[in-house]
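Hi,

Here is the structure I promised to pass on. Have a look, and my notes follow below.

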Number of protein chains: 2
Amino acid sequence: MKKQYLLTPGPTPIPRDVMQAMARPIIHHRTPEYKNFTRAINADLKKLFKTEKNVLTFASSGTGAMEASVVNTLSVNDTAIVVMGGKFGERFAEICRAYGVKVVAIDVEWGHSPAPSAVEKALKENPGAKAVFMQLCETSTATVYDVKSIAHMIKKTSAIMVVDAISGLGSDEFNMDEWGVDIAIGGSQKAFMIPPGLSFCAVSNKAWGAIKKSALPKYYYDFNKYECLMEKSDSPWTPAITLAVGLQKALSIIMAEGVCEFTARHAKDAEFVRKSAGSLKLELFSKSPSNAVTAIKVPDGIDGEKLISGLKLKGVTFAGGQGDLKGKIFRIAHMGGITRHDLEDALRILKETLEEVTLS
Amino acid sequence: MKKQYLLTPGPTPIPRDVMQAMARPIIHHRTPEYKNFTRAINADLKKLFKTEKNVLTFASSGTGAMEASVVNTLSVNDTAIVVMGGKFGERFAEICRAYGVKVVAIDVEWGHSPAPSAVEKALKENPGAKAVFMQLCETSTATVYDVKSIAHMIKKTSAIMVVDAISGLGSDEFNMDEWGVDIAIGGSQKAFMIPPGLSFCAVSNKAWGAIKKSALPKYYYDFNKYECLMEKSDSPWTPAITLAVGLQKALSIIMAEGVCEFTARHAKDAEFVRKSAGSLKLELFSKSPSNAVTAIKVPDGIDGEKLISGLKLKGVTFAGGQGDLKGKIFRIAHMGGITRHDLEDALRILKETLEEVTLS
């Protein structure tokens, strides 16, 4: 069997030790053994999010945690400022609108990072805005946003800052408490190196203040129901036990490497991919490329979908473009358990395939 | 190492073949390979729910699917009739109230099945009621409800019937289309023999009519978003890939046994546990015992929590009572991959432990 290279921005390959942890006989969740997992997970997630606050874990996709960040903090007719520079920015706007929250959109050209001044302007024009929603890494364009500078401005207002760090966390620099992010959202199938099905929200004191005033309805995602059980390392509903056991193992691998070293490795691998793309005369799509995933423009005269399916036949899975970018870009992830060796192999196969597709 | 017997009403033991399927390298969800899994899962779930309708799959605990059944069908100030005979009946009421839905409670003594006449009376007294919520098996009391008779009455009204079949499906007799159930809810960690983290809703035409009129806000659980992608075997958000791959294998094991044979085996195993309890002079808690799980009263003079921890030391995990029933009952599950041999061993160890606890 041909070696398979899964280089998509989620799911990412699962390390063998994590697989083995998940393959052990399942244990019950209302037991001291399972609570030990929960305790260790919270402790390690805090280090990864760089926060002193608890990190709440949900059995859901990342979209569920995005919804949770809206329904726990806002009320009908509240105004939210949403940075819209790609598919996941749009998703925040859709969720807000579904719950009767007014959206002030900051339209950002796809592939660009929002100017902090644009956020500042929106905050000034909408002094009653309750929250700003944005990405750390907008996965659809492989663009990292300047969360640090923007957080600095939001801090001075009464609005809370919600960051979808789902694809960026661990790969792109992120420092929740120091920067002053109020809700940081994560998802399991990215740098965490475990399968999809878990999502996370870390919640600041300022956000807990907003939560007290929020009147949007919620139940499954009610932060209070999770937070009040954190002391007992318990959860309100049956947790996704197997994924949590895998997560604990994956986090222990990350902690052994060191959080700084882990993120630094992503920066180096991303740099390697960008340089390799350059030497193949390929152009990057993003003006502010993320260290989690690199988006590359499909060269003129080449059918993007054909390129991706040609690579797939050789065992290399890249993600294509989403929405309007379909067929126009392809995306190479370099997060979590993806190794430099995998990237070297994949780029060699990309070079071959580009030549074949150009000739044919 | 001592053999472990996990005989709780979720999670249940995972068969080795299912474990192995989940331990294979993860695949991407927007691929033909994954869509084949999704297609096979929907086809087999239909057979298990006994419905011609699609079965929507969510990455969430069962509680998420319970919430989904409320937010997709109702509006603020609607009236819902809720059968309250245990912890999970109460959960439906809590969800309804969290969303501003008025609850007409049918209080049922715990351990009893609701009288169909009580539901009939509530429907007559509340002709505008939009929905009736009840369990197939109320897990907290190990009681099976007479869904068939109650469905027959609800059918004649404009209300829809929502059944939390999470713990009962596959174990207790259930026939969605023939009985006229409008929304049937399932969860992965029960007879499905896979870990928690997936939940299901099958939706009737009558329920789709209610969905059109529903004004409660929703996004992650929006049935329309799932249903419109079913034809392509796709899903709106990243699915819990590994759990789905395990589910496909588990369903193929159930289909090989045959759905009728699978349910009949549960009936025989439940009968065996009830008879064995009787020969140990133990009294059943439920007046209408489920074939998924058996609740047994802790005999007078025995400390229920001590009994459960004593059994745990010998490798046998039973569930205790929840809420007011803590320390008063223990529950033995006989669903999914739990074998007769496991039950025989566990009941032998129960006999030993009861003698020890009585002597000490």
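At roughly what angle do the axes of helix α12 (residues 304-313) and helix α13 (residues 340-359) of chain A cross? They cross at roughly 130 degrees and come within 10 Å; axes are lines fitted to C-alpha atoms over the stretch in contact, with angles from 0 to 180 degrees between N-to-C directions. That makes α12(A) oblique to α13(A) (under 35 degrees is roughly parallel, over 145 roughly antiparallel, 65 to 115 roughly perpendicular, the rest oblique).

Before going on: this is a predicted model, where local features need pLDDT of at least 70 and side-chain atom pairs pLDDT 80 or more, while totals for chains, interfaces and linings use all residues. Residues are numbered from 1 along each chain as written, with chains lettered from A and ligands numbered from 1 in written order.

Helices here are DSSP runs (H or I, at least four residues), numbered from the N terminus. On the α12(A) side, A:Lys306, A:Leu307, A:Gly310 and A:Leu311 meet residues of α13(A), including A:Ile349 and A:Val357 (contact: C-beta atoms, placed from the backbone, within 7 Å).

Now the two chains. The contact takes 41 residues from chain A and 41 from chain B. On chain A's side, α3(A) gives the largest share, four residues.

Chain A can be laid on chain B with an RMSD of 0.0 Å by a turn of 180 degrees and a shift of 0.0 Å along the axis (least squares on C-alpha atoms with pLDDT of at least 70 in both). That is the relation of a two-fold axis. In chain A, the C-alpha of A:Ser60 is nearest the axis, 2.4 Å away.

Cheers

Conventions:
Two residues are in contact if their C-beta atoms, placed from the backbone, lie within 7 Å. Helices (H or I, at least four residues) and strands (E, at least two) are DSSP runs, numbered from the N terminus.
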